[in-house]
Amino acid sequence: MKDRKRRIMNRNKSQVHDSSSVDMESSPPKPIPKRIYQVWKGNNKFCCGGRMIFGPDASSLFLTSFLIGCPAIAFCIKMAVNVTYDDPNFNHRILFGGLILTVLDLGFLFLTCSRDPGIIPRNSQPPESSDESIYLSKSSSQEWISSKTPNLKIPRIKDVILMNGQTVKVKYCDTCLLYRSPRASHCSICNNCVQRFDHHCPWVGQCIGLRNYPFFICFISSSTTLCIYVFLCSWLNILRQHCGLWVAISRDMLSVILIVYCFVAVWFVGGLTVFHFYLICTNQTTYENFRYRYDQKENPFNKGILGNFKEIFLSKIPPSMVKFRAWTSEDNDLSVMNDNGKENFDIEMGVKLNMDSTTIPSLLQGIDYGGFDDNTLKVDDPHDSPSISKKQNFHNETLL
């Protein structure tokens, strides 16, 4: 009796093993879910699980940090040594001011290069051809898009009316398959369309756009202030020595090196700061200034000097248009996150969830419940009733 039970148990285990192996062989492999930043088609580099985004030339950030940090730290070390003698209160104040400017400068540099500059999410499909009449009515260009969409005839340039009533032209991006928003442009280095694109800065290794432009202005302004501060304080260190000028210079070569370095650097960062404050006053971007020349025609985005400064420094920075940490399927590059941020799919099982958030068993996924209609079970022929009752029993047992 025991041998019989053992043989039955072994036969059941082998049947279960055979059925599971058949199901695994017949079922197609499930796509592995990934984050959007892991399959992003741009040239960006991501850190900390997609929380920080850098440009493809982010290595230049180390050079910029070195050019800022080395002279600033050398200046602070010299002032810390001078604290022990020759007016400690004066040296303490200079040291404290140098430390604050250095930390602010490096902090604004990091905020500029490590955040989303305003990347516009690209489309997986071009615009529908059914919208052709809409585009034709608004377009002022007869140049058709035909490079990647030969069967789709929509204009490459169309007119868009702003909230102030001004009309501007927007272009179609063949890479992102969309019409760019006003003031947006495609960066060939990062391979992204960026909102209010200003330029791609090689010193920070990142595009300068809508979401990081205020931090960029603070970065170059603090760099200019730091250069002027170190330049003046180094001259004070030389002039405060109780000896001749040339003797003081020969005794304090570090201050001489800092004076020469800051004098050269201030022309670069200072000129860049002045230029960008001019752009802010006229509400232009670097790209627009070199491309469109608003000096020769009316700028549709100009709100006056006060309004332009308010737009840059007092307006709330909009949230990122791309949720780089959202889940997506690698095969179709579609996000599986809904508007509320909740997952529509069980990431562990790869099974869609229903309305009451309960998973559907894998055994029931392939059954067509539409075939088990209650009306089809009611027939007049009594000979057919046994077979129908068997179907009903199978349906009930399966659901249990």
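Biologist: Which helix is F108 found in?
Modeller: F108 is part of helix 3, which covers residues 88-113. Keep in mind that we are looking at a predicted model.

Biologist: Which residues is F108 in contact with, leaving aside its neighbours within four places in sequence?
Modeller: Those contacts are with F215, C218, F219 and S222.

Biologist: And how many Å apart in space are F108 and P214, C-alpha to C-alpha?
Modeller: Their C-alpha atoms are 9.4 Å apart, while in sequence F108 and P214 are separated by 106 residues.

Biologist: Let's zoom out for a moment. How many helices and strands does the protein have?
Modeller: There are ten helices and 14 strands. The protein has 400 residues, and 36% of them count as buried.

Biologist: What about the accessible surface of the protein?
Modeller: It comes to about 24,900 Å², with 61% belonging to carbon and sulfur atoms.

Biologist: And what share of the contacts with a separation of 6 or more is between residues 24 or more positions apart?
Modeller: Such pairs account for 57% of those contacts.

Biologist: Okay, on to strands. In which sense do strand 4 and strand 5 pair?
Modeller: They pair in the antiparallel sense, over five bridges. I161 stands opposite T167 of strand 5. The two strands form a hairpin with five residues between them, and G165 in the turn has a positive phi of about 90°.

Biologist: How many bridges join strand 5 to strand 6?
Modeller: Two bridges, and these strands run antiparallel. C173 has L178 in strand 6 as its bridge partner. This hairpin has four residues between the strands, and L177 takes a positive phi near 60°.

Biologist: Now charges. How many salt bridges does the count come to?
Modeller: The count comes to five salt bridges. Side chains of opposite charge can pair when their charged atoms come close.

Biologist: Let's start with K169. Which side chain does it meet in a salt bridge?
Modeller: The side chain of D159, at 3.2 Å from N to O.

Biologist: Is K169 buried or exposed?
Modeller: K169 is exposed, with a relative accessible area of 54%.

Biologist: What about D174, which side chain does it meet in a salt bridge?
Modeller: D174 meets R156, with 2.9 Å from N to O. This pair links distant parts of the chain: D174 sits in the loop between strand 5 and strand 6, R156 in the loop between helix 4 and strand 4, and they are 18 residues apart.

Biologist: Why does R156 count as buried?
Modeller: Because its relative accessibility is 17%, and the cut-off for buried is under 20%.

Biologist: One more pair. Which residue forms a salt bridge with R183?
Modeller: That's E288, and the closest N and O atoms are 2.8 Å apart.

Biologist: Are E288 and R183 buried or exposed?
Modeller: E288 is buried, with a relative accessible area of 3%. R183 is buried too, with a relative accessible area of 14%.

Biologist: Great, thanks for the tour!

Conventions. Residues numbered from 1 in each chain as written. Predicted model: local features only at pLDDT ≥ 70, side-chain atom pairs only at ≥ 80, totals over all residues. Heavy atoms only, no water. Buried < 20%, exposed > 50% of the residue type's maximum accessible area, 1.4 Å probe, protein only. Contact = heavy atoms within 4.5 Å. Areas by Shrake-Rupley, 256 points an atom, 1.4 Å probe, with all protein chains shown as cover. Salt bridge = Lys/Arg side-chain N within 4 Å of Asp/Glu carboxyl O. Pairing = 2+ DSSP bridges.
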